Amino acid sequence: MDELAASIAHEVSQPLAAIVTNAESCLAWLAKDRPDVERARRAAERIVRNGQHATNVIRSLRAMLHRTPLQVSPLDFNALAVGALDLMRSELARHHVIVETQLCPLLGVVTGDRTRLQQVIVNLVSNALESMAEGAIWPRHLRVCTGIDADGAARLSISDSGTGIDPATMSRIFEPFFTTKRDGMGLGLSISRSIVESHGGRLWASAREPRGSTFHLCLPARDLCPGVCS
Ligand SMILES: Nc1ncnc2c1ncn2[C@@H]1O[C@H](COP(=O)(O)OP(=O)(O)OP(=O)(O)O)[C@@H](O)[C@H]1O
Ligand SMILES: [Mg+2]
């Protein structure tokens, strides 16, 4: 029960923060001398999507409590990445992060639980954002890339230009409750790794040159066509 409460607190805080940020932007667009209704509408749509994501996350955690099997379906891996970035869009913009995507156009489908895999990507993007927001290193650059590994797995890589991971703690970052942040719970990576492993995949980190880090998520895939992920 403690673990469930901690997981809910962790996984729901991101969509709630996104809802507040988007609601603030929506009001700001409407408060202009000449209200920008189109931008306000897009912000309101993101509020809806984040609200739906939070609801799905709670439903998914309740299912875990009842040991209900994963809700698997064929998923477009690229669309999953784009959907997770969309959920984070306002926070990325607020922190002036330049987002670059390099999505392998021929990538096929993976089989998995959409909500849980989206949680993983949101957790990785949140960490990347936090590591960039922490330091005064500019530009803040997030790169999201999909491709196919030599062994045929679908791969998603998320690179940031943040503080990077101290080599002395690299082996501990996936441990539950390990955090280097003042307000961190130390849960994002351990939750994410257990979700990925329950899908038969792998999640790991590496240092990025000249600075920052890259997180790699690999999932077994089907109907894949060759692509690159550098
Ligand atoms: N992109 C990153 N750049 C640098 N360090 C990172 C990155 N992602 C994770 N880390 C390191 O791994 C630790 C664990 O990450 P994790 O997401 O599990 O917890 P957290 O972010 O500290 O807290 P929370 O539970 O709120 O997510 C972080 O405290 C940080 O030291
Ligand atoms: Mg985290």
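How many residues has helix α2, and how far does it reach from its first C-alpha to its last? Helix α2 (residues 37-65) has 29 residues and reaches 42 Å, close to the 42 Å expected at 1.5 Å a residue. The expected span is 1.5 Å times one less than the number of residues. Helices (H or I, at least four residues) and strands (E, at least two) are DSSP runs, numbered from the N terminus.

This is a predicted model: local features need pLDDT of at least 70, side-chain atom pairs count only at pLDDT 80 or more, and totals for chains, interfaces and linings use all residues. Residues are numbered from 1 along each chain as its sequence is written, chains are lettered from A and ligands numbered from 1 in the order in which they are written, and side-chain values use heavy atoms, with hydrogens and water left out.

**Helix α2 and its surroundings**

Buried residues of α2 include A40, R46, H53, V57 and L61. Buried means under 20% relative accessible area, exposed over 50%, and partly exposed in between (1.4 Å probe, protein chains only). The buried residues of α2 pack against α1 (2-31), α3 (77-94) and α4 (114-134). Contact means heavy atoms within 4.5 Å. Just after α2, R67 takes a positive phi of about 55°.

T115 lies in helix α4. T115 counts as buried because its relative accessibility is 13%. Leaving aside neighbours within four places in sequence, T115 is in contact with H53, N56, V57 and S60.

**Helices α4 and α5**

The axes of α4 and α5 (residues 188-198) come within 9 Å and cross at roughly 145°. Axes are lines fitted to C-alpha atoms, for helices over the stretch in contact, and angles run from 0 to 180 degrees between N-to-C directions. On the α4 side, the contact includes R116, V120 and L124; on the α5 side, it includes L189, I191 and I195. The residues of this contact divide into seven nonpolar, five polar and one charged. Ala, Val, Leu, Ile, Met, Phe, Trp, Tyr, Cys and Pro count as nonpolar, Asp, Glu, Lys and Arg as charged, and the others, Gly among them, as polar.

In α5, the buried residues include G188, S190 and V196. Buried residues of α5 pack against α1, α4, β6 (202-207) and β7 (213-219). Just after α5, G200 takes a positive phi of about 75°.

**The sheet**

An open sheet of five strands has the order β2-β4-β5-β7-β6, with mixed pairing. Its edge strands are β2 and β6, each pairing on one side only. Neighbouring strands are turned by 15° against each other on average, direction ignored. Two strands pair if DSSP finds at least two bridges between them.

| Strand pair | Sense | Bridges |
|---|---|---|
| β2 and β4 | parallel | six bridges |
| β4 and β5 | antiparallel | seven bridges |
| β5 and β7 | antiparallel | six bridges |

Strand β4 (residues 140-148) is mostly covered, with eight of its nine residues buried. T101 stands opposite V144 in β4. G147 has R155 in β5 as its bridge partner. The hairpin of β4 and β5 has five residues between the strands, and G152 there takes a positive phi near 90°. L156 has L217 in β7 as its bridge partner.

Helix α3 packs on the sheet, touching β2, β4, β5 and β7, and its direction makes about 170° with that of β4. Helix α5 lies across β6 and β7, running at about 135° to β6.
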